[in-house]
Amino acid sequence: MAFDIPRNVILPVDVVDVRLDSAQHPFERDNAAAIAANWEAEKAHRPALFDGTVVLLSELAYRDNSIVGRCHAVRFSTFMLWRKLKPVTSAEHAFAHAMLISSDNALVAIRMGSHTANAGKVYFAAGSFEPEDFREGLVDLDYNMIREVREETGLDLRQARREERCHALSVESGTVIVRCFRARETAEQLAERIAGFVAADPDPEIEGPVIIRGRNDLPEGLMPHMRPLVDWHFSQPG
């Protein structure tokens, strides 16, 4: 299967069958010295980085509105070397985005904190899949999205209206699986709640909220994969 998914197009997704394999990822196994050396350099630049556990894909495919894949738990230091070297034929990255849509149809994203690996970048509150996001070996998208949004913004996605169908966008930097969540509050109200949460957090992950109100309202630092998602949202009828 390897990696067989159309690139640079937004795909409808009704089933996500991404499973966690207990075997060591070949990329981590084969690059131990380079991973250690790169991590030392990364830590010198951003001392707050933590070498936790994330997952990296060894297979991913799209067929019949389904995403099927296999991933492995790796150290964050492994992910950071992969990110520097990509594209890598043996490994790719997938992550989930909760697209938060306000009652006035704006998108509410976040800007990452200066101490993080994505310092200053703008995207929807999210994080890489971690082993805790899997149930009996199968990824639980909603658990990951609810957890990450709560940790970064203080918002509870369970209070928003969840759309059943997901969508996916696969680009060179990875594959993002998106689910729309429609909030009852306006964009300003959501942003105020997020800003209050960040102000009260002694060690916030994010700098603050970012409101996007249209296809041409693109903030500085917007991650490349976000532009087609913004275009897609604001091209939808109604």
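**Entry 1.** I located R179 in strand 13 (residues 174-182); helices (H or I, at least four residues) and strands (E, at least two) are DSSP runs, numbered from the N terminus. I worked on a predicted model, in which local features need pLDDT of at least 70 and side-chain atom pairs count only at pLDDT 80 or more, while totals for chains, interfaces and linings use all residues. Residues are numbered from 1 along each chain as its sequence is written, and side-chain values use heavy atoms, with hydrogens and water left out.

**Entry 2.** Is R179 buried or exposed? I noted R179 as buried because its relative accessibility is 6% (buried is under 20% relative accessible area, exposed over 50%, partly exposed in between; 1.4 Å probe, protein chains only). A polar atom of the R179 side chain lies 2.5 Å from the backbone oxygen of E164. Beyond four places in sequence, I listed the contacts of R179 (heavy atoms within 4.5 Å), among them H97, M99, D142, R162 and E163.

**Entry 3.** I then turned to the largest nonpolar core, which has 61 residues (a core is a set of buried Ala, Val, Leu, Ile, Met, Phe, Trp, Tyr and Cys residues joined through side-chain atoms within 4.5 Å). Those touching the most other members include V18, F129 and L141. Strand 6 (residues 94-101) supplies the largest share, seven residues. Leaving out residues up to four places away in sequence, L141 touches V16, A96, F129, C166 and I177. I also found a second, separate core of 15 residues, including I35 and F79.

Terms used. Polar contact = N/O pair within 3.5 Å; in protein donor to acceptor, adjacent residues only side chain to side chain.
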